[in-house]
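Good morning, and thank you for making the time. Please have the model open as I speak.

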Amino acid sequence: MSDCVEVAITSDSSDQLWSCCVWDVRTGTHLISYKGGGAPGAHTLATISNQYILTGNMVKPMLHIWPINRHEAISTRFILPGRPTAVAVSPDGAYCVVAVQETINVYQLATGAMLATISRHYQAVNVLRFTDDGTHFISAGQDGMVLVWSLAQVVRVFQKQSFNALYSFSDHALPVTDLYVGKGGMKALFCSVSADRSCKIYDLSSGSMLLNLVFQEPLSSVTMDTLESNVFVGTNEGPIYSFSLLSPPRTKEYHVDRKQQQKNVFLGHKKAVTCLSVSIDGETLLSGGADENVLMWHTKSRQQLRVIPHKGTVTNAQFMLTPKAMFDQEVKLNPIFQPFQKMVYPSEKIDDLIVEVDVKENVRDFVAGKELDGSSRSVTSGSGQSNQQDEIIKLKKEIQHLKSINKEMYEFTVKNVMNDG
């Protein structure tokens, strides 16, 4: 059992020992591995509410989910229309966004319903990222485009009328290789890097580009520290550069001179840097590369702390807060995920989606033994089933009543807001 606050989770392209693995960041010790899911592709590893690990298969059109404290994946099969090129899960664990080439599918994990399909990119989508409040997600692809989407608009408007991305950025001339989204919801900053050698920093609230950093090498990965005061950029040739935002340049476009950046470079990877992540205290940088190594660095001194060898190209490497249940085998996590549907769920019926959960007998008896007004009643073995059915009918009527009230309140609010405007 590990008592560290953070752990590192990594994956590689070999699928020889495990699909993904968790490491102690202080010692580099292997803690727990997740097997049977094949080799995850780049940008296809995510956590669900810090209780489950989700990966997209590099070869097959499938997703795999593991309970955080189990080596074996759950039996539910999550079949996709094609091999996933990017995956992201909303912070609340309710929605999963999957890119299959240039198409983006939005799924509800609890029901498996495909809520929307987006086809606005012209080439394969490389990266998907959610904002920390879960209201929006960002997609970037081989076509050099970066699109910002409202999750609510995508789900609600789909199939009813045409809709566009909230923001559409076409500032990159070559494929976008990585994204980093900061904290603060729609008031956050986000960075994108591309093979065109540029790192662009945007403001989500205004939809404007704040700074364009141009390097002398093609860029492959990007991240920022927790305070968002430093940007770390990985290159196709191996060096990792850091750039301080505390004293930003006066010009909107800044060309980074290699000689000036020698004091801010991390040298250790022999091939392209595929992924970057910074610890929550900002003291440690985690990097994975095509040279089959995961390196840990001290950010201030830029010294290597340790090397964790892998069997193939490192496809994912990131820090995560240590889940409480990760090392407790007695904790039973009962997943409620359903197989993904092949067809888009009708948008007018989204409110009718039912989430099925397992209810323990004592909880079921408790619900069946209560009237809506709170008064208790006894349930005998002969009449228990009928009483439960009556209770379900009453609850359904109550739900419909509340829905109608909510609809009237919404219409009243919209009407008054429009009149005031």
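This is a predicted model: local features need pLDDT of at least 70, side-chain atom pairs count only at pLDDT 80 or more; totals for chains, interfaces and linings use all residues.

Let me start with the chain as a whole. Its secondary structure amounts to three helices and 29 strands. The chain has 421 residues, and 50% of them count as buried. If we take the contacts between residues at least 6 apart in sequence, 49% join residues that are at least 24 apart. The accessible surface is about 20800 Å², and carbon and sulfur atoms account for 52% of that area.

I turn now to strand β10, which spans residues 103-108. Is this strand buried or exposed? Six of its six residues are buried, so β10 is largely enclosed by the rest of the structure. Thr 103, Asn 105 and Tyr 107 point one way from the strand, whereas Ile 104, Val 106 and Gln 108 point the other way, and all are buried.

What pairs with β10? One partner is β9, residues 95-100, in the antiparallel sense and over six bridges. Within that pairing, Val 98 stands opposite Asn 105. The hairpin of β9 and β10 has two residues between the strands, and Gln 101 there takes a positive phi near 55°.

Another partner is β11, residues 114-118, which pairs with β10 in the antiparallel sense over four bridges. Here Tyr 107 has Met 114 of β11 as its bridge partner. This second hairpin places five residues between β10 and β11, and Gly 112 in the turn has a positive phi of about 80°.

An open sheet of four strands runs in the order β20-β21-β22-β24, with antiparallel pairing. Its edge strands are β20, residues 219-224, and β24, residues 265-266, each of which pairs on one side only. Inside this sheet, β21 (residues 230-235) and β22 (residues 240-244) pair in the antiparallel sense over five bridges. Val 231 stands opposite Phe 243 in β22.

A word on annotation. In the model, residues 118-151 are 3% helix and 53% strand, with the end C-alpha atoms 11 Å apart.

Next, the backbone of one loop. Most residues other than glycine have a negative phi. With that in mind, consider the loop between β4 (40-48) and β5 (52-57), where Ser 49 is found. Ser 49 is not a glycine, yet its phi is positive, at about 55°. Asn 50 lies in the loop between β4 and β5 as well, and its phi is also positive, near 60°. As for accessibility, Ser 49 counts as partly exposed at 37%, and Asn 50 counts as partly exposed at 30%.

Finally, the surface. Which residues make the nonpolar patch of about 290 Å²? They are Val 5, Ile 280 and Leu 321. Of these, Ile 280 sits in the loop between β25 (273-278) and β26 (284-289).

Notes:
Residues are numbered from 1 along each chain as its sequence is written. Side-chain values use heavy atoms; hydrogens and water are left out. Two strands pair if DSSP finds at least two bridges between them. Buried means under 20% relative accessible area, exposed over 50%, partly exposed in between (1.4 Å probe, protein chains only). Patches are made of residues with over 30% relative accessible area and no salt bridge: like charges are joined within 9 Å, nonpolar side chains (Val, Leu, Ile, Met, Phe, Trp, Tyr) within 5 Å. Accessible areas come from the Shrake-Rupley method with a 1.4 Å probe; for residues, only the protein chains shown count as cover. A salt bridge is a side-chain nitrogen of Lys or Arg within 4 Å of a carboxyl oxygen of Asp or Glu. Contact means heavy atoms within 4.5 Å.
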